[in-house]
Amino acid sequence: MNHDSYPDSYIRGILNTVKTVAMVGFSPKENRPSYFAFKYLLERGYRVIPVNPGQAGKEVLGQKIYAKLSDIPDPIDMVDVFRGSEHVLPIVQEALTLQPKPQVIWMQLTVRNDEAARLAEEAGMKVVMNRCPKIEYGRLSTEISWIGVNSRTLSSKRAQMYGKGVQRMSLGPKEETKDKN
Amino acid sequence: MADADRIPGFATLSIHAGAKPDPTTGARATPIYQTTSFVFDDVEHAASLFGLQAFGNIYTRIGNPTCAVLEERVAALEGGTAGLAVASGHAAQVIVMHALMMPGDEFVASKKLYGGSINQFNHSYKNFGWNVVWADPDDISTFEKAITPKTKCIFIESIANPGGIVTDIEAIGNIARKAGVPLIVDNTLATPYLCKPIDYGADVVVHSLTKFLGGHGNSIGGLIVDAGSFNWSRDKKYPMLCEPRPEYSGMVLHETFGNFAFAIACRVLGLRDLGPALSPFNAFLILTGIETLPLRMQRHCDNALAVAEWLSKRPEIAWVSYPGLPGNKYNTLAAKYAPKGAGAVFTFGLKGGYDAGVKLVSNVKLFSHLANIGDTRSLIIHPASTTHKQLSDAQKVQAGAGPDVVRLSIGLEDKEDIIADLEEALTA
């Protein structure tokens with residue numbers, strides 16, 4: 001995978017497939033980017049499990065915080081990393097020991113570790129680096145267009161509403177949006 | 001997915017970017033959402049929107065779905081990450097500077113600018129403590145010399161109004177990068193059809209949509225495009241972007257919004273608090289104009305070249321400043337930055353001086369004597385007595401608006417009729 005530029009179909013495929021996301025480096029502070037992404041993904045129907053050793057045992061928006069990935073009792077589809085690039089490798093190594101193994105390692109905006117990515121890809125996982133799942137969901141669902149962001153998508157089909165309220169959009173079927181990035 | 005990596009062409013983007021069918025009604029043209037406000041789904045949704053935790057609409061001063069289509073359209077045409085529509089080109093400049101400057105800060109600006117911008121920078125900005133330092137685009141080293149530790153950005157026009165001046169964007173962009181400050185480019189006269197400043201190092205592009213983008217002389221509007229290229233956090237020089245904002249309970253915009261944080265800062269700190277929002281109706285008219293931008297812009301340029309060539313052979317004319325003419329001082333830069341055409345606004349000098357200028361604008365019948373540019377209609381003005389009147393004589397000459405100067409904005413009429421009107425007025 002070229003990690004400088006992902007096809008929309010790759011990102012859409014991941015966001016349409018994963019259901020349970022473990023968020024490593026989660027902050028319970030409401031003004032932190034990880035809290036934004038956590039809350040947003042929960043609202044879009046994902047199960048999001050916060051991971052932070054300093055907050056373990058507490059609950060945020062009804063979700064229990066775990067100290068580390070291997071403490072989570074349920075299967076995880078995707079690990080979303082909100083840690084500095086230098087901390088990613090051991091997180092991937094820990095993810096590789098999980099049974100079943102997660103399908104996706106996702107590193108947040110500004111986070112990139114090519115060695116960790118290679119390790120995960122060699123184990124058959126999909127990897128996304130330097131992206132935010134909230135922004136990508138918003139972009140591919142067209143919600144982000146409401147704040148003037150260039151979604152880099154064109155379509156002559158209606159965007160699909162999420163079905164809960166009027167200001168929430170869903171990713172819709174895969175062929176809805178023509179990729180162009 | 002054979003087309004997965006295909007980027008649509010300019011004409012396709014001009015029509016489609018940002019404008020999917022309306023999700024609730026299926027309306028194919030962009031609806032005019034002429035409403036001040038938008039209902040919240042529930043209390044929690046409202047809290048998320050106000051906290052910038054959800055994407056959505058609150059109040060038209062902060063964002064509106066019709067305006068949002070315009071924002072995405074222009075951002076896509078410029079190759080940027082995001083846009084922000086505002087009430088005018090002047091408002092766009094104020095909002096950009098508000099996101100970058102603190103009292104006592106400086107910015108370096110080309111002294112060859114639209115007269116209204118020169119006024120705004122010289123006078124209005126003084127009240128905010130934002131200090132302009134002028135540099136000469138004909139001597140690039142003056143930009144480098146003007147940089148001080150207080151410099152927060154460099155501001156230029158790609159093709160400068162009124163005199164058909166093409167600015168060396170790439171060279172000035174290199175100076176900005178070296179200084180660690182963003183390059184702001186006003187791309188009003190070129191439009192992204194002729195020139196995309198982001199390709200040459202612009203970090204922010206501003207527009208008066210009033211001109212060629214809207215193109216029909218019916219709506220005032222402005223737009224800011226974030227290139228997504230500048231690292232706002234590196235030198236900790238831009239507190240609006242890299243420091244916790246008290247307006248949003250300590251949120252840091254750059255770390256939260258990444259490569260479109262500047263557009264968000266302009267929206268949620270500038271537009272929200274200063275208030276120059278664009279009317280959704282104006283956004284609709286401008287969007288309709290943009291759909292034909294590539295067709296119009298090429299015709300504007302082709303007509304302008306024909307008129308400039310004709311004028312340059314007339315005995316009444318001392319000089320013609322159109323960068324599309326061979327031998328023009330800016331012809332090489334025009335070939336690099338605007339190869340499809342050098343725009344449709346240019347100046348020329350009348351041998352008869354001030355009086356001949358007044359006579360010409362009085363005698364034309366097809367050209368309209370008014371202060372705008374970038375209309376379907378051909379327009380004429382005598383800058384010394386109008387747009388540049390408030391400048392000193394020295395500044396007028398510096399800005400290319402001396403007493404003998406007449407400015408034309410060539411429209412989309414038949415070029416034979418445009419030339420016939422000028423010929424009749426010149427010989428009357």
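Helices here are DSSP runs of H or I with at least four residues, numbered from the N terminus. Keep in mind that the model is predicted.

**Exercise 1. Find where A:R139 and A:E136 lie, and work out whether each is buried or exposed.**

Step 1: Both A:R139 and A:E136 sit in helix α5 of chain A, three residues apart, which is about one turn of the helix.
Step 2: Check the side chains: A:R139 forms a salt bridge with A:E136, with 3.0 Å between the closest N and O atoms.
Step 3: Buried means under 20% relative accessible area. A:R139 has 3%, so it is buried. A:E136 has 6%, so that residue counts as buried too.

**Exercise 2. Compare that with the salt bridge between A:R47 and A:D74: which parts of the chain does it link?**

Step 1: The closest N and O atoms of A:R47 and A:D74 are 2.9 Å apart.
Step 2: This pair links distant parts of the chain: A:R47 is in strand β2 of chain A, and A:D74 is in the loop between β4 (63–64) and β5 (78–81) of chain A, 27 residues apart.
Step 3: Partly exposed is the range between buried, under 20%, and exposed, over 50%. A:R47 has a relative accessible area of 34%, so it is partly exposed. At 31%, A:D74 is partly exposed as well.

**Exercise 3. Start from the salt bridge of A:E143 with A:R44 and trace the network it belongs to.**

Step 1: The side chains of A:E143 and A:R44 meet at 2.6 Å, N to O.
Step 2: A:E143 lies in the loop between α5 (133–141) and β8 (153–154) of chain A, while A:R44 lies in the loop between α2 (33–43) and β2 (47–51) of chain A, 99 residues away.
Step 3: Both residues are buried.
Step 4: Now widen the view: A:E43, A:R44, A:E143, A:R168 and B:D41 are linked in a network of salt bridges.

**Exercise 4. Describe the contact between chain A and chain B: how many residues of each chain take part?**

Step 1: On the chain A side 44 residues are in contact with 54 residues of chain B.
Step 2: Together the two chains bury about 4,000 Å², with 56% of it on carbon and sulfur atoms.
Step 3: Of the area chain A buries against chain B, A:W146, A:I147 and A:Q167 supply 16%, more than any other three residues.
Step 4: Count the salt bridges between the chains: three. One of the pairs to look up is A:R32 with B:E255, at 2.4 Å between the closest N and O atoms.

Methods. Residues are numbered from 1 along each chain as its sequence is written. Chains are lettered from A and ligands numbered from 1 in the order in which they are written. This is a predicted model: local features need pLDDT of at least 70, side-chain atom pairs count only at pLDDT 80 or more; totals for chains, interfaces and linings use all residues. Side-chain values use heavy atoms; hydrogens and water are left out. Contact means heavy atoms within 4.5 Å. Buried area is the accessible area (1.4 Å probe) that two parts lose on being put together, summed over both. A salt bridge is a side-chain nitrogen of Lys or Arg within 4 Å of a carboxyl oxygen of Asp or Glu. Helices (H or I, at least four residues) and strands (E, at least two) are DSSP runs, numbered from the N terminus. Buried means under 20% relative accessible area, exposed over 50%, partly exposed in between (1.4 Å probe, protein chains only).
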